[in-house]
Amino acid sequence: MKRIITLSLLLLVCITIIFNACQSQAELDYARYYVNGKGLYEAHCQNCHGEDGKGLGQLYPPLTDSLFLKRNRTKLGCIIKNGLSGKIEINGQEFDGQMPAETQMTNMEIAQLVTYITNSFGNKNGLYDVNAAAADIKNCDK
Amino acid sequence: MKRISYFLLLTGLLSSCAQKEQKLPILGSREPVEKTVDGKTVVDTVYQTIPSFKFINQDSVTVTEKDFDNVVYVADFFFTSCTSICPVMHRNMLKVYHAYKNNPGVKILSHSIDSKYDTPSVMKKYAKKLGVTGNQWQFVNGPHDEIYNIAAKNYLVSVEEDGNDPQNYIHQGWFVLIDKQKRLRGAYDGTNPQQVNQLIKDIQVLLNEYKH
């Protein structure tokens, strides 16, 4: 009886391992972008926008306005790369500060960062890959 | 019945032991001074204290050390356009502010190290956006050398201008706790939430010293 239990447990572990190994390429890409994006967020964004993306008072806007992030997803790369100034409305509150530019960021870094931000803090918009970032960055001035 | 009363007596004794008074250390340099009391020579210790100062706050009002007489206060150094450690520090300082809001015995004094850009109106806007009203939390600005001197010599916080840094300033994020005698009683890393929670507790410990 004991042996049967042990064997079936072993089988279960094997099946789990096999299933995990079969994670699709898309899922792997997403996970890779997300993890790298988290590191970039901590280094470049977290001081102002906060660990939980809640911003700080009326000084720095939160990143929890899912509607804003969804609607402006194609513009996020340009905002990160070129900075932002002027009035914006987030979660129904007005912000009028200045966000510094991160001109040195590559398209890949921007893609990773946007993937992280738009899939954290209550957002769920899936992978934003390097091709999407390259296309959007090209259109920054337009 | 007798047993219960013994038990109560024991708990009473134990809890009175546990309430042994906690005291914060006195930081900074100190020197022994000989004094003559009743004809006898005794040695007294003189501790480092914050000297007199004169700065301008977010309401364009002059602020001096007298505004901090008879209160305990927390001092730090920042600038409003800083995107490195300052937002983290003031996110944490807000917790201190809210913990002692409306307590007239506790104040906060944030010194700007960017005397050119941080005019009173810029600091006022900053305070408002941070959600700070009234004068419990003062944001002050003053002549460059005076701010840098008081930081390094008196609050023991290192600040310097550095052209190689993208933001031009390098400074430490210490929150320094000052008592009613203007002595240094604690220094906490303002970017570390655990240390800031300790500061919130220590302010109460310090306030308790003055209750007797």
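Where is the place of A:Thr118 in chain A?

Modeller: A:Thr118 sits in the loop that runs between helices H6 and H7 of chain A. The model is a predicted one. A:Thr118 has a relative accessible area of 0% and therefore counts as buried, the cut-off being under 20%. Its side chain is in polar contact with the side chain of A:Arg73, at 3.1 Å. Leaving aside residues up to four places away in sequence, A:Thr118 touches A:Arg73, A:Leu76, A:Asn123, A:Lys124, A:Asn125 and A:Gly126.

A:Ser120 is also placed in the loop between helix H6 (107–117) and helix H7 (130–138) of chain A. Because its relative accessibility is 7%, A:Ser120 counts as buried. The side chain of A:Ser120 makes a polar contact of 3.0 Å with the side chain of A:Tyr34.

Now the chain around this loop. Chain A contains seven helices and four strands, and their order along the sequence is α-α-α-α-α-β-β-β-β-α-α. Of its 142 residues, 35% are buried. Among contacts in chain A with a separation of 6 or more, 59% are between residues 24 or more positions apart. The accessible surface of chain A is about 8,900 Å², and carbon and sulfur atoms account for 58% of that. One salt bridge in chain A joins the side chains of A:Lys54 and A:Asp52, at 4.0 Å from N to O. A:Lys54 is exposed, with a relative accessible area of 58%, whereas A:Asp52 is partly exposed at 41%.

Chain B can be described in the same terms. Chain B has five helices and eleven strands, and 42% of its 212 residues count as buried. For contacts in chain B between residues at least 6 apart in sequence, 66% join residues at least 24 apart. Chain B exposes about 11,700 Å², with 54% supplied by carbon and sulfur atoms.

In soluble globular proteins, nonpolar side chains tend to be buried together. The largest nonpolar core here has 59 residues, and B:Phe53, B:Tyr155 and B:Ile203 have the most contacts inside it. Helix H5 (residues 193–209) of chain B gives the most to this core, namely seven residues. A second, separate core has 22 residues, among them A:Ile110, A:Leu113, A:Phe121 and A:Ile137. Back in chain B, and not counting residues up to four places away in sequence, B:Tyr155 touches several residues, including B:Ile50, B:Phe53, B:Tyr73, B:Phe77, B:Leu109, B:His111 and B:Ile150. B:Ile150 is one of the buried residues of helix H4 (residues 144–154) of chain B, which also include B:Ile147, B:Tyr148, B:Ala151 and B:Asn154. After H4 of chain B comes B:Leu156, which has a positive phi, near 60°.

Then the charged pairs. Over all chains, the structure holds ten salt bridges. In chain B, the side chains of B:Lys124 and B:Asp59 form one at 2.7 Å, N to O. This pair links distant parts of the chain, 65 residues apart: B:Lys124 is in helix H3 of chain B, and B:Asp59 is in the loop between strand E3 (54–57) and strand E4 (62–64) of chain B. B:Lys124 is partly exposed at 41% relative accessible area, and B:Asp59 is partly exposed at 36%. Another salt bridge joins the side chains of B:Arg183 and B:Asp179, at 2.9 Å from N to O. B:Arg183 is buried, with a relative accessible area of 17%, and B:Asp179 is buried at 0%. Salt bridges with shared partners connect B:Asp179, B:Arg183, B:Arg185 and B:Glu209 in one network.

Last, the interface. Contacts between the chains involve 13 residues of chain B and 14 residues of chain A. The two chains bury about 990 Å² between them, with 58% of it on carbon and sulfur atoms. Of the area that chain B buries against chain A, B:Thr83, B:Arg91 and B:Lys129 supply 58%, more than any other three residues. Helix H2 (86–99) and helix H3 (120–130) of chain B are the elements that give two or more residues to the side of chain B touching chain A.

Notes
Residues are numbered from 1 along each chain as its sequence is written. Chains are lettered from A and ligands numbered from 1 in the order in which they are written. This is a predicted model: local features need pLDDT of at least 70, side-chain atom pairs count only at pLDDT 80 or more; totals for chains, interfaces and linings use all residues. Side-chain values use heavy atoms; hydrogens and water are left out. A nonpolar core is a set of buried Ala, Val, Leu, Ile, Met, Phe, Trp, Tyr and Cys residues joined through side-chain atoms within 4.5 Å. Buried means under 20% relative accessible area, exposed over 50%, partly exposed in between (1.4 Å probe, protein chains only). Contact means heavy atoms within 4.5 Å. Accessible areas come from the Shrake-Rupley method with a 1.4 Å probe; for residues, only the protein chains shown count as cover. Buried area is the accessible area (1.4 Å probe) that two parts lose on being put together, summed over both. A polar contact is a pair of N or O atoms within 3.5 Å; within protein, one must be able to donate a hydrogen and the other to accept it, and residues adjacent in sequence count only if both atoms are side-chain atoms.
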